[in-house]
Amino acid sequence: MYIEQSTCIQCNACIPYCPVNAIVHNKEEGIVEIIFDECVECGACKYSGVCPTDSFVQQEMEFPRSLRSQFSNPLISHPDTGVPGRGTEEMKTNDVTGRFKKGMAGVAIEMGRPGTGTRLYDVEKVAMALAPVGVHFEPHNPVTFLMTDKSTGKMREDVLNEKSLSAIVEFDVPQSKLPEVFAALKEVTPKIDTVYSLDLACRLEDGFNPVVKVAEESGFKVSINGKTNVGLGKPLAKED
Ligand code: SF4
Ligand code: SF4
């Protein structure tokens, strides 16, 4: 995205609309401009309609720059998954897909948030820290598509400096390995320059969630904002 300087009247109205603070008033040069390397191509400035002179221009994007909008613009479906956003639908619809079987846990590490975003080199750091535990990266997740080696979590070199509003490292793992997953995550956390939230998905056992206690024992605070599927769907996979 860029601002057409011949029509911009420097009213500053657009500045609060950018979720990563990429729009700045450059007082020395007397212009309002977009810091190109910080922009995640989310489109919020342009499609909010805030600009009175319609000065935002969406440039053509080639790979790997195009990844920014695929990960950040909710109006764009990711070409590798066919769904808008950064994760896969299955994580939230286990009662239909049956993807996570008994004894298994689905894990998503949602990296970046409005105000920070995330660089893909930080996403790679997290993926590479978790791979040695023996996690199985979700093949339909857009981050997994960028891995050159799914056994190590290594990603393509040419995408690492790209920035997005958020990106999700998504995998499943036996519940017995969750303490190792949490330990690896804690070790890599100080080495990344963004925030993340941790999602856990599993089947209830005898009416109880078997992974909450494990997360709490590993020092993660479990939010009450959970999502419970009540099993009204028709799992495609067998029970176990
Ligand atoms: S496209 Fe998004 S990230 Fe880029 S300047 Fe506009 S609001 Fe900010
Ligand atoms: S809202 Fe439009 S005219 Fe106002 S500073 Fe932003 S780009 Fe310029």
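**K154 is partly exposed, at 24% relative accessibility.** Buried stands for under 20% relative accessible area, exposed for over 50%, and partly exposed for values in between, with a 1.4 Å probe and protein chains only. The model is predicted: local features need pLDDT of at least 70 and side-chain atom pairs count only at pLDDT 80 or more, while totals for chains, interfaces and linings use all residues. Residues are numbered from 1 along each chain as its sequence is written, chains are lettered from A and ligands numbered from 1 in the order in which they are written, and side-chain values use heavy atoms, leaving out hydrogens and water. The partner of K154 in a salt bridge is E124, and their closest N and O atoms are 2.7 Å apart. This pair links distant parts of the chain, 30 residues apart: K154 belongs to strand β9 (residues 154-155) and E124 to helix α4 (residues 120-130). Helices (H or I, at least four residues) and strands (E, at least two) are DSSP runs, numbered from the N terminus. A salt bridge needs a side-chain nitrogen of Lys or Arg within 4 Å of a carboxyl oxygen of Asp or Glu. E124 counts as buried because its relative accessibility is 9%.

**R119 and D37 join through their side chains in a salt bridge.** The N to O distance is 3.1 Å. R119 sits in strand β6 (residues 118-119) and D37 in the loop between β3 (31-34) and α1 (44-47), so the pair ties together parts that are 82 residues apart in sequence. R119 is buried at 10% relative accessibility, whereas D37 is partly exposed at 36%. Side chains of opposite charge can pair when their charged atoms come close. By the rule used here, the count of salt bridges comes to twelve.

**E38 and K163 form a salt bridge.** Their closest N and O atoms are 2.5 Å apart. E38 is in the loop between β3 and α1, and K163 is in strand β10 (residues 163-164), so parts that are 125 residues apart in sequence are tied together by the pair. E38 has a relative accessible area of 27% and is therefore partly exposed. K163 has 7% and is therefore buried.

**A network of salt bridges links D37, E38, R68, R119, E162 and K163.** E162 lies in the loop between β9 and β10. With a relative accessibility of 11%, E162 counts as buried. When residues up to four places away in sequence are not counted, E162 touches P64, R65, R68, T118, R119 and L120; contact is taken as heavy atoms within 4.5 Å.

**Four strands make an open antiparallel sheet in the order β7-β11-β5-β12.** The edges are β7 (136-137) and β12 (196-201); each has a single partner strand, so one side of each is left without a neighbour in the sheet. Two strands pair if DSSP finds at least two bridges between them. In a regular strand the side chains alternate between the two faces of the sheet. Eight bridges pair β5 with strand β11 (residues 167-174) in the antiparallel sense. M104 has P174 in β11 as its bridge partner. Helix α4 packs on the sheet and touches β5, β7 and β11, its direction making about 5° with that of β11. Helix α6 (residues 178-188) also packs on the sheet, touching β5, β11 and β12, and its direction makes about 175° with that of β12. Axes are lines fitted to C-alpha atoms, for helices over the stretch in contact, and angles run from 0 to 180 degrees between N-to-C directions.

**Strand β11 is largely enclosed by the rest of the structure.** The reason is that seven of its eight residues are buried. M111 stands opposite A167 in β11. β7 and β11 run antiparallel and are joined by two bridges. F137 has F171 in β11 as its bridge partner.

**F100 lies in the loop between α3 (94-97) and β5 (104-111).** Its relative accessibility is 1%, so F100 counts as buried. F100 and D172 are 72 residues apart in sequence, and their C-alpha atoms are 7.5 Å apart in space.

**Ligand 1 has 13 residues around it.** C18, C39, C42, G43 and C45 come nearest. A residue is near a molecule if one of its heavy atoms lies within 4 Å of it. The shell divides into eleven nonpolar residues, one polar and one charged. Ala, Val, Leu, Ile, Met, Phe, Trp, Tyr, Cys and Pro count as nonpolar, Asp, Glu, Lys and Arg as charged, and the others, Gly among them, as polar.
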